[in-house]
Amino acid sequence: MNPELMAASAALASLMALTHWAQCVATRAWGDGVQGLARKRAWATALVTLVLQTVTAVAAAGPAAGAALVVSAWMVLGWLLVLGMNQWPAVARRWAMRLGALGCSGCVVALGVVGLRTVG
C-alpha cells in the first residue's frame with residue numbers, strides 16, 4: 001500500500017473518532033450527550049481510533065509528518081463536520097460514520113500490509 005493511501009486512510013479515520021467524541025457532548029445537532037456506559041464506550045472508541053490513525057500516519061510519513069497529519073486531520077475534518085452538522089445533521093452524521101469506518105478499515109489493511117512486509 002502506498003504512503004499516500006495510508007495517509008488518506010489515517011486522515012479519514014479521524015471522522016470515526018470525531019463522531020464518537022461528539023456524541024459525548026450535548027449539542028444542537030446531536031441532541032443530548034450520551035451518559036453512563038455509552039459515554040465511556042464513545043471515549044474509548046475515540047481514543048483507540050486516535051492511536052490507530054497515529055500509528056498508520058507515522059508508518060506512512062515518519063514521526064513528525066505523521067503527528068502533523070493527525071493533528072491537521074482532526075482540525076480540518078472536525079471543522080467540516082461541525083459545518084455539516086449545522087446544515088445537514090442526519091446526512092453529515094451518516095456520511096461521517098461511513099467515511100470514518102472506511103478510514104479505519106484502510107488503516108487496519110495498511111498496517112497489515114506493513115506488518116507482512118516486515119515479516120516477509
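Okay, let's start with helix 2, residues 37–61: that's 25 residues, spanning 36 Å from first C-alpha to last, close to the 36 Å you'd expect at 1.5 Å a residue. Bear in mind that we're looking at a predicted model.

So which residues of helix 2 are buried? You've got Ala42, Ala46, Thr49, Leu52, Gln53, Thr56, Ala57 and Ala60. Those buried residues pack against helix 1, helix 3 and helix 4.

On to helix 3, which runs 63–87. Helix 3 has 25 residues and reaches 36 Å between its first and last C-alpha, again close to the 36 Å expected at 1.5 Å a residue. The buried set in helix 3 is Gly66, Val70, Ala73, Leu77, Gly78, Leu81, Gly84 and Met85. Covering them you'll find, among others, helix 1, helix 2 and helix 4.

Now, the pocket. I'm talking about the second largest pocket here, with about 160 Å³ of space in it. Which helices each supply at least two residues of its lining? Helix 1 (3–22), helix 3 and helix 4 (89–119). If you want to pick the lining out on screen, select Leu12, Leu15, Leu77, Leu80, Leu81, Gly84, Ala92, Trp95, Ala96 and Leu99. By class, that lining comes out as 9 nonpolar, 1 polar and no charged residues.

Terms used
Residues are numbered from 1 along each chain as its sequence is written. This is a predicted model: local features need pLDDT of at least 70, side-chain atom pairs count only at pLDDT 80 or more; totals for chains, interfaces and linings use all residues. Side-chain values use heavy atoms; hydrogens and water are left out. On a 1 Å grid over the protein atoms alone, a cavity is a set of points where a 1.4 Å probe fits but cannot get out, and a pocket is an open set with protein on both sides within 12 Å along at least five of seven lines; lining residues have an atom within 4 Å of a point. Grid points are joined across faces, edges and corners, and a volume is the space filled by probe spheres set on the points. Helices (H or I, at least four residues) and strands (E, at least two) are DSSP runs, numbered from the N terminus. Ala, Val, Leu, Ile, Met, Phe, Trp, Tyr, Cys and Pro count as nonpolar, Asp, Glu, Lys and Arg as charged, and the others, Gly among them, as polar. The expected span of a helix is 1.5 Å times one less than its number of residues. Buried means under 20% relative accessible area, exposed over 50%, partly exposed in between (1.4 Å probe, protein chains only). Contact means heavy atoms within 4.5 Å.
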